[in-house]
Amino acid sequence: MQITINNHQYEANQGDRLLEVARLNHEHIGYLCGGNTICQTCYVKVLEGAELLSPLSEEEKAILSENLLKAGTRMACQATIEKPGTIRVVSAAEEVRHMLATNPLDLAGYAATMGWEGMVKVPDTLRLQAGREFDLWQLFCDVLTGIGDGWKLIFSAFSFGCCSNEKSETRVC
Ligand code: FES
């Protein structure tokens, strides 16, 4: 089956996590924590095919505000493809890059909105994270990978590739 991420089509299979599909294809998406449901940079907006994805996880219910859920937001490290069909998503990282390229002034409003939506879920998010157990070494490795790729993401956002919707070779995260 095919999935469209940030206007680019990829092959995917049932059971695939959205984050893995994006990463395998070097698509522009955030994952600073390496997929451990901590950083909240992997948000995607589901434009089509929400019913084909796994139901909201407990982690997403704890972290995503009502407004974000109403807007179709999922966490790419949590959502998996469950049924075949057409799925279209756009990542928050791509939305930010698009704003940077087209209207940087929108970023302030976007940051304020996302900040507020995160604030209203702080108690639930803290409860969730406090109750989790991590493999610290694995987490360390995942975060290092995520930070490395995050720098590439930032670099690519400010590079020539930011002025085009075309996928460029410099897009690595
Ligand atoms: S929360 Fe970090 S990758 Fe999803």
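Thr4 has Arg88, in strand E5, as its bridge partner. The model is predicted: local features need pLDDT of at least 70, side-chain atom pairs count only at pLDDT 80 or more, and totals for chains, interfaces and linings use all residues. Residues are numbered from 1 along each chain as its sequence is written.

E1 and E5 are parallel, with 3 bridges between them. Strands here are DSSP runs of E with at least two residues, helices are runs of H or I with at least four, and both are numbered from the N terminus. Two strands pair if DSSP finds at least two bridges between them.

The open sheet has 5 strands in the order E2-E1-E5-E3-E4, and its pairing is mixed. Strand E2 (8-11) and strand E4 (73-75) are the edge strands, each pairing on one side only. From one strand to the next, the twist averages 35 degrees. Angles run from 0 to 180 degrees between N-to-C directions, with axes fitted to C-alpha atoms, for helices over the stretch in contact.

Helix H4 (residues 92-102) packs on the sheet and touches strand E3 (43-48) and strand E5 (87-91). The direction of H4 makes about 55 degrees with that of E5. Contact requires C-beta atoms, placed from the backbone, within 7 Å.

| Strands | Bridges | Sense |
|---|---|---|
| E1 (residues 2-5) and E2 | 4 bridges | antiparallel |
| E3 and E5 | 4 bridges | antiparallel |

Ile3 has Tyr10 in E2 as its bridge partner, and Val44 has Ser91 in E5.

E5 is largely enclosed by the rest of the structure, because 4 of its 5 residues are buried. A residue is buried if 20 or more other C-beta atoms, placed from the backbone, lie within 10 Å of its own, exposed if 12 or fewer, and partly exposed in between.

Technical notes: Contact = placed C-beta atoms within 7 Å.
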